[in-house]
Amino acid sequence: MSNHIICFSPSGATLGQRILAVEDVFAADWELTQCFGADHESLSDWTKRVFQPGNNLLFIGAAGIAVRAIAPYVSAKQSDPAVVVMDEKANWCIPILSGHLGGANLLANKLAKRTGAQAVITTATDVRGVWAVDSWAKQERLTVVNPSGIKEISAGLLQGQTKKLFSEFPISGKLPEGLVFSDAASCDIYIGIHRLTDRKQEPLYRFLQR
């Protein structure tokens with residue numbers, strides 16, 4: 001994983017340098033690219049270079065610039081990098097791609113706390129305070145084997161349904177609202193290192209430890 005900031009004005013560069021000076025914003029190496037003035041890397045070349053799975057991308061500038069830049073490369077939620085936009089005055093911090101699996105929501109909140117900006121989170125589970133299975137998987141460093149089922153689990157929890165969870169590993173603490181423990185034979189969410197082959201219908205989600 002690597003982390004990349006791009007800015008388009010001297011004010012944006014100042015904010016970028018300010019972010020670089022803050023400890024523990026990112027967990028890996030990162031770089032600041034100034035996309036203005038003479039002899040700079042083009043936005044299209046930069047985006048093509050850094051738009052890789054697992055990366056964090058921060059655009060300091062207009063959201064429209066970021067949307068147009070990443071549009072040709074957006075593929076799937078399980079592989080798209082986290083993309084966040086901040087205005088150059090650090091008023092707003094907006095995750096625009098891969099909010100859960102990529103960690104853009106977590107990154108936006110962290111940046112907002114460090115800079116005094118307001119994080120603008122629009123995902124339904126976050127807005128309504130409902131547990132998000134994909135955000136949890138990201139936090140716990142688990143791989144989502146069948147990400148197509150994320151929508152169904154989230155939709156069910158948003159509608160007040162109860163979802164069953166089975167884990168091969170101990171889980172400490174209280175389960176989030178809407179989840180209950182079950183056996184492997186009837187679970188909706190499976191956490192482990194094996195595939196369940198003796199079921200008529202496999203769980204909507206399976207997480208394998210990295």
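My entries below cover the sheet, the cysteines, one serine and the aromatic rings.

**Ground rules.** I am working with a predicted model, where local features need pLDDT of at least 70, side-chain atom pairs count only at pLDDT 80 or more, and totals for chains, interfaces and linings use all residues. Residues are numbered from 1 along each chain as its sequence is written, and side-chain values use heavy atoms, with hydrogens and water left out.

**The sheet.** I looked up the strands (DSSP runs of E, at least two residues; helices are runs of H or I, at least four, and both are numbered from the N terminus). Six of them form an open, mixed sheet in the order E2-E1-E3-E4-E5-E6; two strands pair if DSSP finds at least two bridges between them. At the edges I found E2 (30-34) and E6 (118-119), each pairing on one side only. E5 (residues 92-97) pairs with E6 in the parallel sense over two bridges, and Trp 92 has Gln 118 in E6 as its bridge partner.

Next I checked which helix lies across E5. Helix H3 (residues 63-70) does, lying across E3, E4 and E5 and running at about 20° to E5. Contact here means heavy atoms within 4.5 Å; axes are lines fitted to C-alpha atoms, for helices over the stretch in contact, with angles from 0 to 180 degrees between N-to-C directions.

**The cysteines.** How many disulfides does the structure hold? I found zero, taking a disulfide as two cysteine sulfur atoms within 2.5 Å. For Cys 35, the nearest cysteine sulfur, that of Cys 7, is 8.3 Å away.

**One serine.** Ser 135 lies in helix H6 (residues 133-139) and is buried, at 13%. Its side chain makes a polar contact with the side chain of His 100 (3.5 Å). Such a contact is a pair of N or O atoms within 3.5 Å; within protein, one must be able to donate a hydrogen and the other to accept it, and residues adjacent in sequence count only if both atoms are side-chain atoms.

**The rings.** I counted four aromatic pairs: rings of Phe, Tyr and Trp (its six-membered ring) with centres within 6.5 Å, stacked under 30 degrees between planes, edge-to-face over 60, otherwise tilted. Among them, Trp 131 and Trp 136 are tilted, at 5.9 Å and 55°. Phe 166 and Tyr 190 are stacked, at 6.0 Å and 15°.

Technical notes: Buried < 20%, exposed > 50% of the residue type's maximum accessible area, 1.4 Å probe, protein only.
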